[in-house]
Amino acid sequence: MSTAPEITELEAQEARLALPHFTYDDAWVLGSLLVGLARERRAPVAIDIRRGGQQLFHCALPGSSADNDAWIDRKRRVVERYGESSFLVGARFRAKGTTFEQSSRLDPDRFAAHGGSFPIVVEGAGVIGSVTVSGLPQAEDHAMVVEALGRLLDGFGG
């Protein structure tokens with residue numbers, strides 16, 4: 001992805017990617033989809049899927065490091081706090097002529113509004129977790145998650 005998506009496109013992605021359910025098996029399928037995409041692209045990423053406070057899936061691929069796990073935690077905290085993708089949160093601050101780091105009043109060592117963490121939304125329940133990728137430029141981390149969620153939703157027949 002060469003250019004960052006617009007706010008309206010990011011909002012539309014979140015609306016479109018609401019799931020009918022999200023089980024432990026669904027987490028495995030989503031994580032496996034992400035691992036497959038990353039391996040096809042030789043992407044040096046770490047992948048994390050959480051529901052509530054429980055980590056349901058984690059995988060670190062060759063070329064990733066513990067630093068990617070730290071980025072996952074920072075991006076995930078943004079999703080947990082704002083209920084929106086970390087990329088969308090960062091885009092909203094940039095649209096106001098500032099940055100998340102300058103204006104959020106949150107510790108940048110604990111929160112990062114960079115692309116790659118996406119809310120897991122279940123229809124009728126709202127945000128129940130997050131899926132996060134770290135290791136590529138932020139737009140690519142975000143795009144990989146969106147692609148995998150789209151494939152998961154297609155598998156549900158939606």
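1. The structure holds three aromatic pairs. It is a predicted model, and the points below should be read on that basis.

2. Trp28 and Phe57 make an edge-to-face pair, with 5.6 Å from centre to centre and 65° between the planes. Trp28 belongs to helix α2 (residues 24-40) and Phe57 to strand β2 (residues 54-60), so this contact ties together parts that are 29 residues apart in sequence.

3. Phe93 is buried at 12% relative accessibility, and Phe100 is buried with a relative accessible area of 3%. Together with Tyr82, Phe93 and Phe100 form one aromatic cluster.

4. Two arginines are placed over ring faces. Arg51 lies over the face of Tyr24, 4.5 Å from the ring centre. Arg74 lies over the face of Trp71, at 4.3 Å from the ring centre.

5. Strand β3 (residues 117-122) has six of its six residues buried, so the strand is largely enclosed by the rest of the structure. The cut-off behind this is a relative accessible area under 20%.

6. Strand β3 pairs with strand β4 (residues 126-134) in the antiparallel sense, over six bridges. Within this pairing, Ser117 stands opposite Thr132 of β4. The hairpin has three residues between the strands, and Gly124 takes a positive phi near 85° there.

Conventions. Residues numbered from 1 in each chain as written. Predicted model: local features only at pLDDT ≥ 70, side-chain atom pairs only at ≥ 80, totals over all residues. Heavy atoms only, no water. Buried < 20%, exposed > 50% of the residue type's maximum accessible area, 1.4 Å probe, protein only. Helix = DSSP H or I, 4+ residues; strand = E, 2+ residues; numbered from the N terminus. Pairing = 2+ DSSP bridges. Phe/Tyr/Trp six-rings, centres within 6.5 Å; stacked < 30°, edge-to-face > 60°. Lys NZ or Arg CZ within 6 Å of the ring centre and 35° of its normal.
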